[in-house]
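Good morning, and thank you for joining.

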Amino acid sequence: MIDVEYEDKKAAETRLNQPIKAPDSTVYPQEDPRETLGEYCKRLELPYTAGTAGPDLDIPRVAIPEGKYCIIRVDGRAFHTFTKPYKCKEQAFSADITNAMKAAVEALLNEFSPVVVYSQSDEITVVIDPAKIPFSGKCHKLNSIAASVATAAFNLYLGRNNLARTSKPAIFDARAYGATREDVLKVLIWRQRDAIKNSISAVARTAYSHKMLEGKKSEDKIAMLEEKGIIWESFPHRCIYGMTAFRVPKMVSLDPDWLREQGTPEAVIDQIVGEGCTAMRNVTEYPDLPRFDRIANFEQVIFDHAEPLYNLKGAQEALKKESTNEDI
(Lines give C-alpha, C1' and ligand atoms only; values in the text may rest on other atoms or scores of the structure.)
Protein backbone atom coordinates (compact mmCIF):
# COMPACT_ATOMS: atom_id res chain seq x y z
CA MET A 1 0.00 0.00 0.00
CA ILE A 2 1.25 3.49 -0.84
CA ASP A 3 1.58 5.83 2.12
CA VAL A 4 0.10 9.25 1.43
CA GLU A 5 1.29 12.10 3.61
CA TYR A 6 -1.61 14.38 4.43
CA GLU A 7 -0.93 17.96 5.39
CA ASP A 8 -2.00 19.30 8.75
CA LYS A 9 -5.69 20.25 8.81
CA LYS A 10 -4.96 23.73 10.13
CA ALA A 11 -2.28 24.28 7.49
CA ALA A 12 -4.67 23.12 4.75
CA GLU A 13 -7.39 25.51 5.93
CA THR A 14 -4.89 28.36 6.01
CA ARG A 15 -3.75 27.60 2.47
CA LEU A 16 -7.29 27.28 1.10
CA ASN A 17 -8.37 30.55 2.72
CA GLN A 18 -5.62 32.56 1.04
CA PRO A 19 -6.95 35.19 -1.40
CA ILE A 20 -6.96 34.04 -5.00
CA LYS A 21 -4.48 35.93 -7.15
CA ALA A 22 -5.47 37.08 -10.61
CA PRO A 23 -3.72 35.11 -13.37
CA ASP A 24 -0.82 36.90 -14.98
CA SER A 25 -0.08 37.24 -18.69
CA THR A 26 2.58 34.56 -18.73
CA VAL A 27 3.31 33.36 -22.24
CA TYR A 28 2.41 29.83 -23.29
CA PRO A 29 5.83 28.09 -23.12
CA GLN A 30 5.43 26.12 -26.35
CA GLU A 31 4.34 29.03 -28.52
CA ASP A 32 5.66 32.37 -29.71
CA PRO A 33 7.26 34.06 -26.66
CA ARG A 34 5.56 37.32 -27.64
CA GLU A 35 2.10 35.71 -27.41
CA THR A 36 0.22 35.38 -24.10
CA LEU A 37 -1.88 32.34 -23.27
CA GLY A 38 -5.07 34.37 -23.85
CA GLU A 39 -3.89 35.48 -27.28
CA TYR A 40 -2.97 31.92 -28.19
CA CYS A 41 -6.38 30.55 -27.13
CA LYS A 42 -8.25 33.30 -29.00
CA ARG A 43 -6.21 32.51 -32.11
CA LEU A 44 -7.58 28.96 -31.98
CA GLU A 45 -11.10 30.39 -32.49
CA LEU A 46 -10.27 32.63 -35.42
CA PRO A 47 -10.46 30.06 -38.25
CA TYR A 48 -13.97 29.13 -37.15
CA THR A 49 -15.34 32.58 -36.34
CA ALA A 50 -13.52 35.04 -38.59
CA GLY A 51 -12.30 32.96 -41.52
CA THR A 52 -8.65 33.76 -40.91
CA ALA A 53 -5.82 31.27 -41.12
CA GLY A 54 -5.13 29.19 -38.04
CA PRO A 55 -1.97 27.36 -36.98
CA ASP A 56 -2.62 24.27 -39.09
CA LEU A 57 -5.59 25.04 -41.33
CA ASP A 58 -7.51 27.74 -43.14
CA ILE A 59 -11.28 27.55 -42.71
CA PRO A 60 -13.50 30.00 -44.62
CA ARG A 61 -15.92 31.89 -42.40
CA VAL A 62 -19.48 30.64 -42.85
CA ALA A 63 -21.68 33.69 -43.36
CA ILE A 64 -24.80 34.71 -45.25
CA PRO A 65 -23.70 36.03 -48.68
CA GLU A 66 -24.22 39.72 -49.27
CA GLY A 67 -27.58 40.49 -50.87
CA LYS A 68 -29.17 37.18 -49.84
CA TYR A 69 -32.06 36.77 -47.43
CA CYS A 70 -31.24 34.91 -44.24
CA ILE A 71 -33.40 31.94 -43.33
CA ILE A 72 -33.00 30.54 -39.83
CA ARG A 73 -34.76 27.26 -39.23
CA VAL A 74 -35.21 26.68 -35.51
CA ASP A 75 -36.12 23.11 -34.62
CA GLY A 76 -37.08 21.35 -31.39
CA ARG A 77 -34.60 18.68 -30.31
CA ALA A 78 -36.16 15.27 -29.55
CA PHE A 79 -39.60 16.87 -29.26
CA HIS A 80 -41.30 13.54 -29.89
CA THR A 81 -40.08 12.53 -26.44
CA PHE A 82 -40.49 15.94 -24.81
CA THR A 83 -44.16 16.31 -25.82
CA LYS A 84 -45.28 12.82 -24.73
CA PRO A 85 -46.71 14.07 -21.40
CA TYR A 86 -48.81 16.60 -23.35
CA LYS A 87 -50.34 14.06 -25.71
CA CYS A 88 -53.50 12.04 -25.37
CA LYS A 89 -55.34 9.76 -27.79
CA GLU A 90 -58.40 12.00 -28.03
CA GLN A 91 -56.56 15.24 -28.86
CA ALA A 92 -54.54 15.77 -32.03
CA PHE A 93 -52.95 19.02 -30.87
CA SER A 94 -51.78 20.36 -27.52
CA ALA A 95 -52.87 23.93 -26.78
CA ASP A 96 -50.05 24.26 -24.23
CA ILE A 97 -47.35 23.39 -26.78
CA THR A 98 -48.97 25.56 -29.47
CA ASN A 99 -49.04 28.58 -27.14
CA ALA A 100 -45.45 27.95 -26.02
CA MET A 101 -44.39 27.89 -29.68
CA LYS A 102 -46.21 31.20 -30.15
CA ALA A 103 -44.17 32.65 -27.28
CA ALA A 104 -40.99 31.49 -29.04
CA VAL A 105 -42.20 33.09 -32.29
CA GLU A 106 -42.79 36.39 -30.46
CA ALA A 107 -39.31 36.29 -28.97
CA LEU A 108 -37.69 35.66 -32.37
CA LEU A 109 -39.72 38.53 -33.86
CA ASN A 110 -38.38 40.84 -31.15
CA GLU A 111 -34.81 39.64 -31.60
CA PHE A 112 -34.42 39.73 -35.38
CA SER A 113 -37.18 42.04 -36.77
CA PRO A 114 -37.70 39.57 -39.65
CA VAL A 115 -39.80 39.85 -42.78
CA VAL A 116 -41.92 36.91 -41.67
CA VAL A 117 -41.87 34.05 -39.19
CA TYR A 118 -43.60 30.78 -39.96
CA SER A 119 -44.08 28.05 -37.37
CA GLN A 120 -45.45 24.53 -37.59
CA SER A 121 -45.21 21.58 -35.25
CA ASP A 122 -41.93 22.02 -33.31
CA GLU A 123 -40.11 24.19 -35.85
CA ILE A 124 -39.91 27.89 -36.69
CA THR A 125 -38.69 29.46 -39.93
CA VAL A 126 -37.37 33.02 -39.60
CA VAL A 127 -36.81 35.12 -42.75
CA ILE A 128 -34.60 38.21 -42.40
CA ASP A 129 -34.17 40.98 -44.98
CA PRO A 130 -30.62 41.25 -46.42
CA ALA A 131 -30.27 44.80 -45.06
CA LYS A 132 -31.22 43.75 -41.52
CA ILE A 133 -29.12 40.62 -40.97
CA PRO A 134 -27.24 41.07 -37.67
CA PHE A 135 -23.75 39.92 -36.63
CA SER A 136 -22.37 40.58 -40.14
CA GLY A 137 -24.25 37.47 -41.24
CA LYS A 138 -22.04 35.12 -39.20
CA CYS A 139 -23.92 31.83 -39.13
CA HIS A 140 -22.47 30.63 -35.83
CA LYS A 141 -23.81 33.76 -34.12
CA LEU A 142 -27.20 33.61 -35.85
CA ASN A 143 -27.58 29.93 -34.95
CA SER A 144 -26.62 30.26 -31.31
CA ILE A 145 -28.75 33.37 -30.68
CA ALA A 146 -31.83 31.99 -32.46
CA ALA A 147 -31.66 28.65 -30.64
CA SER A 148 -31.10 30.36 -27.28
CA VAL A 149 -33.96 32.84 -27.74
CA ALA A 150 -36.44 30.14 -28.76
CA THR A 151 -35.36 27.78 -25.96
CA ALA A 152 -35.64 30.47 -23.29
CA ALA A 153 -39.02 31.83 -24.45
CA PHE A 154 -40.59 28.39 -24.83
CA ASN A 155 -39.53 27.18 -21.37
CA LEU A 156 -40.35 30.50 -19.69
CA TYR A 157 -43.90 30.32 -21.03
CA LEU A 158 -44.43 26.81 -19.68
CA GLY A 159 -42.80 27.65 -16.34
CA ARG A 160 -44.63 30.93 -15.70
CA ASN A 161 -47.98 29.31 -16.48
CA ASN A 162 -47.30 26.16 -14.43
CA LEU A 163 -47.56 24.01 -17.55
CA ALA A 164 -44.25 22.13 -17.32
CA ARG A 165 -44.88 18.38 -17.23
CA THR A 166 -41.31 17.15 -17.22
CA SER A 167 -38.20 18.05 -15.25
CA LYS A 168 -36.16 18.42 -18.44
CA PRO A 169 -36.44 21.67 -20.40
CA ALA A 170 -37.18 21.84 -24.11
CA ILE A 171 -34.14 22.45 -26.32
CA PHE A 172 -34.00 23.99 -29.79
CA ASP A 173 -31.23 23.96 -32.37
CA ALA A 174 -30.93 26.24 -35.39
CA ARG A 175 -29.44 26.40 -38.86
CA ALA A 176 -28.98 29.64 -40.80
CA TYR A 177 -28.46 29.87 -44.55
CA GLY A 178 -28.75 32.33 -47.42
CA ALA A 179 -31.55 32.33 -49.97
CA THR A 180 -32.85 34.40 -52.86
CA ARG A 181 -36.27 36.05 -52.72
CA GLU A 182 -37.69 33.25 -54.86
CA ASP A 183 -36.09 30.59 -52.68
CA VAL A 184 -37.72 32.09 -49.58
CA LEU A 185 -41.16 31.50 -51.13
CA LYS A 186 -40.26 27.92 -52.04
CA VAL A 187 -39.00 27.17 -48.53
CA LEU A 188 -42.20 28.51 -46.94
CA ILE A 189 -44.38 26.42 -49.26
CA TRP A 190 -42.22 23.36 -48.56
CA ARG A 191 -42.51 23.77 -44.78
CA GLN A 192 -46.26 24.34 -44.97
CA ARG A 193 -46.75 21.22 -47.06
CA ASP A 194 -44.93 19.33 -44.34
CA ALA A 195 -47.24 20.97 -41.76
CA ILE A 196 -50.35 19.88 -43.68
CA LYS A 197 -49.13 16.33 -44.05
CA ASN A 198 -48.20 16.06 -40.35
CA SER A 199 -51.45 17.60 -39.14
CA ILE A 200 -53.56 15.20 -41.21
CA SER A 201 -51.65 12.30 -39.70
CA ALA A 202 -52.06 13.73 -36.20
CA VAL A 203 -55.83 14.00 -36.55
CA ALA A 204 -56.08 10.56 -38.17
CA ARG A 205 -54.21 8.96 -35.24
CA THR A 206 -56.99 10.06 -32.88
CA ALA A 207 -59.49 7.89 -34.78
CA TYR A 208 -57.46 5.03 -36.25
CA SER A 209 -54.63 2.76 -35.18
CA HIS A 210 -51.12 2.94 -36.61
CA LYS A 211 -51.70 -0.32 -38.47
CA MET A 212 -54.88 0.97 -40.13
CA LEU A 213 -53.11 4.14 -41.30
CA GLU A 214 -49.97 2.41 -42.55
CA GLY A 215 -49.36 3.09 -46.25
CA LYS A 216 -52.26 5.56 -46.51
CA LYS A 217 -51.76 8.89 -48.28
CA SER A 218 -53.04 12.19 -46.91
CA GLU A 219 -56.13 12.19 -49.12
CA ASP A 220 -56.95 8.63 -47.97
CA LYS A 221 -56.67 9.66 -44.33
CA ILE A 222 -58.97 12.66 -44.89
CA ALA A 223 -61.57 10.37 -46.49
CA MET A 224 -61.27 7.90 -43.59
CA LEU A 225 -61.80 10.74 -41.10
CA GLU A 226 -64.89 11.96 -42.94
CA GLU A 227 -66.34 8.45 -42.68
CA LYS A 228 -66.32 9.00 -38.92
CA GLY A 229 -67.69 12.52 -39.21
CA ILE A 230 -64.34 14.19 -38.50
CA ILE A 231 -63.52 17.15 -40.75
CA TRP A 232 -59.79 17.86 -40.85
CA GLU A 233 -60.24 21.51 -41.87
CA SER A 234 -62.50 22.18 -38.88
CA PHE A 235 -59.47 22.21 -36.57
CA PRO A 236 -57.78 25.55 -35.68
CA HIS A 237 -56.08 27.13 -38.68
CA ARG A 238 -52.65 27.41 -37.02
CA CYS A 239 -52.75 23.71 -36.12
CA ILE A 240 -53.37 22.42 -39.65
CA TYR A 241 -51.70 25.10 -41.80
CA GLY A 242 -49.11 26.47 -39.39
CA MET A 243 -48.69 29.90 -37.82
CA THR A 244 -47.63 32.94 -39.87
CA ALA A 245 -46.49 36.09 -38.08
CA PHE A 246 -45.64 39.58 -39.37
CA ARG A 247 -44.52 42.76 -37.68
CA VAL A 248 -46.64 45.55 -39.17
CA PRO A 249 -46.34 49.29 -38.32
CA LYS A 250 -49.72 50.61 -37.20
CA MET A 251 -51.14 53.66 -35.49
CA VAL A 252 -52.38 52.44 -32.11
CA SER A 253 -53.68 53.94 -28.88
CA LEU A 254 -50.97 54.02 -26.25
CA ASP A 255 -51.47 51.37 -23.57
CA PRO A 256 -51.15 52.72 -19.99
CA ASP A 257 -49.39 49.53 -18.83
CA TRP A 258 -46.85 49.85 -21.63
CA LEU A 259 -46.23 53.49 -20.70
CA ARG A 260 -45.61 52.46 -17.07
CA GLU A 261 -43.07 49.88 -18.24
CA GLN A 262 -41.22 52.71 -20.00
CA GLY A 263 -41.05 54.66 -16.71
CA THR A 264 -43.63 57.32 -17.68
CA PRO A 265 -44.93 59.24 -14.62
CA GLU A 266 -48.57 58.59 -13.69
CA ALA A 267 -49.54 62.24 -14.15
CA VAL A 268 -48.25 62.14 -17.73
CA ILE A 269 -50.00 58.81 -18.35
CA ASP A 270 -53.32 60.26 -17.20
CA GLN A 271 -52.89 63.21 -19.53
CA ILE A 272 -51.82 61.14 -22.54
CA VAL A 273 -54.51 58.49 -22.14
CA GLY A 274 -57.13 61.14 -21.38
CA GLU A 275 -56.36 62.83 -24.68
CA GLY A 276 -56.54 59.50 -26.51
CA CYS A 277 -52.93 59.76 -27.65
CA THR A 278 -51.85 57.44 -30.45
CA ALA A 279 -48.46 56.49 -31.83
CA MET A 280 -46.95 54.43 -34.62
CA ARG A 281 -45.85 51.06 -33.24
CA ASN A 282 -44.90 47.70 -34.67
CA VAL A 283 -47.77 45.31 -34.03
CA THR A 284 -47.55 41.54 -34.40
CA GLU A 285 -50.24 40.04 -36.62
CA TYR A 286 -51.08 36.36 -37.07
CA PRO A 287 -53.13 36.26 -40.27
CA ASP A 288 -54.97 33.04 -41.15
CA LEU A 289 -53.63 32.95 -44.70
CA PRO A 290 -54.97 30.59 -47.35
CA ARG A 291 -52.74 27.69 -48.25
CA PHE A 292 -49.48 29.18 -49.55
CA ASP A 293 -49.38 27.34 -52.88
CA ARG A 294 -52.90 28.61 -53.64
CA ILE A 295 -52.18 32.31 -53.13
CA ALA A 296 -51.88 34.13 -56.46
CA ASN A 297 -49.84 37.05 -55.04
CA PHE A 298 -47.84 35.04 -52.52
CA GLU A 299 -44.67 37.12 -53.00
CA GLN A 300 -46.52 40.36 -52.22
CA VAL A 301 -48.23 38.78 -49.21
CA ILE A 302 -44.91 37.70 -47.67
CA PHE A 303 -42.71 40.70 -48.47
CA ASP A 304 -45.28 43.53 -48.61
CA HIS A 305 -47.97 42.08 -46.32
CA ALA A 306 -50.58 42.49 -49.04
CA GLU A 307 -54.04 40.98 -48.84
CA PRO A 308 -53.95 37.45 -50.32
CA LEU A 309 -55.68 36.71 -53.61
CA TYR A 310 -56.94 33.16 -54.04
CA ASN A 311 -55.38 31.28 -56.97
CA LEU A 312 -57.95 28.88 -58.41
CA LYS A 313 -55.47 27.50 -60.95
CA GLY A 314 -52.92 26.92 -58.20
CA ALA A 315 -55.55 25.09 -56.18
CA GLN A 316 -56.32 22.78 -59.09
CA GLU A 317 -52.61 22.07 -59.65
CA ALA A 318 -52.14 21.37 -55.94
CA LEU A 319 -55.03 18.91 -55.96
CA LYS A 320 -53.50 17.22 -58.99
CA LYS A 321 -50.15 16.89 -57.21
CA GLU A 322 -51.84 15.43 -54.15
CA SER A 323 -53.26 12.64 -56.28
CA THR A 324 -49.78 11.74 -57.55
CA ASN A 325 -46.83 10.22 -55.71
CA GLU A 326 -46.06 13.49 -53.91
CA ASP A 327 -48.01 13.10 -50.70
CA ILE A 328 -48.47 16.59 -49.25
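Lys84 sits in the loop that links helix H3 (79-82) to helix H4 (95-112); helices here are DSSP runs of H or I with at least four residues, strands are runs of E with at least two, and both are numbered from the N terminus. This is a predicted model, in which local features need pLDDT of at least 70 and side-chain atom pairs count only at pLDDT 80 or more, while totals for chains, interfaces and linings use all residues. Residues are numbered from 1 along each chain as its sequence is written, and side-chain values use heavy atoms, with hydrogens and water left out.

Let me turn to Lys68. Lys68 belongs to the loop between helix H2 (37-49) and strand S1 (69-76). Its relative accessibility is 29%, so Lys68 counts as partly exposed (buried is under 20% relative accessible area, exposed over 50%, partly exposed in between, with a 1.4 Å probe and protein chains only). Beyond its neighbours within four places in sequence, Lys68 contacts Pro130, Ile133, Gly178, Ala179 and Thr180, contact meaning heavy atoms within 4.5 Å. Its C-alpha atom is 9.9 Å from that of Gly137, 69 residues away along the chain.

Next, the backbone. Most residues other than glycine have a negative phi. Asn162, however, has a positive phi near 55°. Asn162 lies in the loop between helix H5 (139-160) and strand S4 (172-179), and is exposed, at 72% relative accessible area.
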